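Me: I would like to learn how to read a fold from a model. Please take it feature by feature.

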Amino acid sequence: MGNVAVIGSGTWGTAIAHLIAGKGIAVRMWTRGADVADAINATHRNPRHLPDVELTGVTASASFEESLRGVDAAIFVCPSSYLRSIASSCAPFIASDLPVIVLTKGIEAQTGFTMVELLEDVLGNPSRIACLSGPNHAEEVSRGLPAATVVASSDKACSLYFQDLFNTSTFRVYTTSDVTGVELCAASKNVIAIANGMSVAMQLGDNASASLMTRGLAEVTRLVVALGGDARTCLGLAGVGDLIATCSSEHSRNRALGAFLVEGGTLAAFEEKMQMVAEGAVACKTVTELARQHDVEMPIAEAVRQVLWEGRDPHEIIETLFERPVKAEQE
């Protein structure tokens, strides 16, 4: 393989560029600002994200055409709210058979599309499109710490192609055909992590955190099954694996957002402070809307939505979750 394009220069995009370049594959990274591209080309480091990570073998550009010219594959790693506009700008420079993979996690608000469905809508030819998800904090992946992930595609050849592209001695890649399950797990777990961050900030204890994660997984599984996904995916890397990492890790932006809200902060203040998007803030609206459309009960996700978008008090909303009527665990 000659070279690949990484569309996005945030924390995850930077870590992935470093990972692939480490395999001797040339990486072209698209950045929103020319100043960031110039800095990467001059210093081989991203001045805004993971600045300690050396980006040898990575060149950067603020031009979509330049980033995509002659590449063997395209990797989209940008916020879900911008994916459609960015993909549309890239479309004229992406051949109809170019392998494409999306690492963005979320549901598009306007359409209810998953990220793969969005790219299929913009780029066409679904058989060459895949997604990647798992317990993969960029800070650890960029340091070469062990991790595992899963690539999902409706086409086996496509999933195997990207398995080979990403797999290293410390980044183990599995494959699946359950694109729906992987993508819904990826979007939903961020919402549960916000709830867990609230619980941690309230010092409710490990039992409460474990209960929120377990019942959160039950919510996600109900949604996955209702939309045609495989319940077993929820017990895999994209499901419980990513849920544990996102709910438990100090690197988790979504968990940090939950804690920030308990301390009296706002979403706008959090994103300004972090200079990064917490995908769960958007996903709590899009995921609960999907749940309503399919008559799926997701009380934890709904509670997070009410805190973020209706101004409900986090202390009060957590209490209401534990005051709900009891029932059989498998209902």
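Reply: Begin with the sheet: it is open, has 8 strands in the order 3-2-1-4-5-6-7-8, and its pairing is mixed. Two strands pair if DSSP finds at least two bridges between them. Strands (E, at least two residues) and helices (H or I, at least four) are DSSP runs, numbered from the N terminus. This is a predicted model, in which local features need pLDDT of at least 70 and side-chain atom pairs count only at pLDDT 80 or more, while totals for chains, interfaces and linings use all residues. Residues are numbered from 1 along each chain as its sequence is written, and side-chain values use heavy atoms, leaving out hydrogens and water.

Me: Why is one side of strand 3 and of strand 8 left without a neighbour in the sheet?

Reply: Strand 3 (58-61) and strand 8 stand at the edges and each has a single partner strand, so one side of each lacks a neighbour in the sheet. From one strand to the next, the twist averages 25°. Angles run from 0 to 180 degrees between N-to-C directions, and axes are lines fitted to C-alpha atoms, for helices over the stretch in contact.

Me: How many bridges join strand 7 to strand 8?

Reply: Strand 7 (residues 147-152) and strand 8 (residues 171-176) run parallel and are joined by 6 bridges. A148 has R172 as its bridge partner in strand 8, and V151 stands opposite T175.

Me: What do strand 7, helix 7 and strand 8 make?

Reply: A crossover is right-handed if, with the strands pointing away from the viewer, the path from the first strand over the helix to the second runs clockwise. Here strand 7, helix 7 (residues 156-166) and strand 8 form a right-handed β-α-β unit.

Me: Which residues of helix 8 meet helix 13?

Reply: Contact means heavy atoms within 4.5 Å. In helix 8, L184, A187, S188, N190, V191 and I194 meet residues of helix 13 that include E279, A283 and L290. The axes of helix 8 (residues 179-201) and helix 13 (residues 279-293) come within 8 Å and cross at roughly 115°.

Me: Where are the domain bounds?

Reply: Such bounds come from an automatic or database domain assignment. The assignment gives domain 1 (3-177) and domain 2 (184-323), with 25 Å between their centres, taken over C-alpha atoms.
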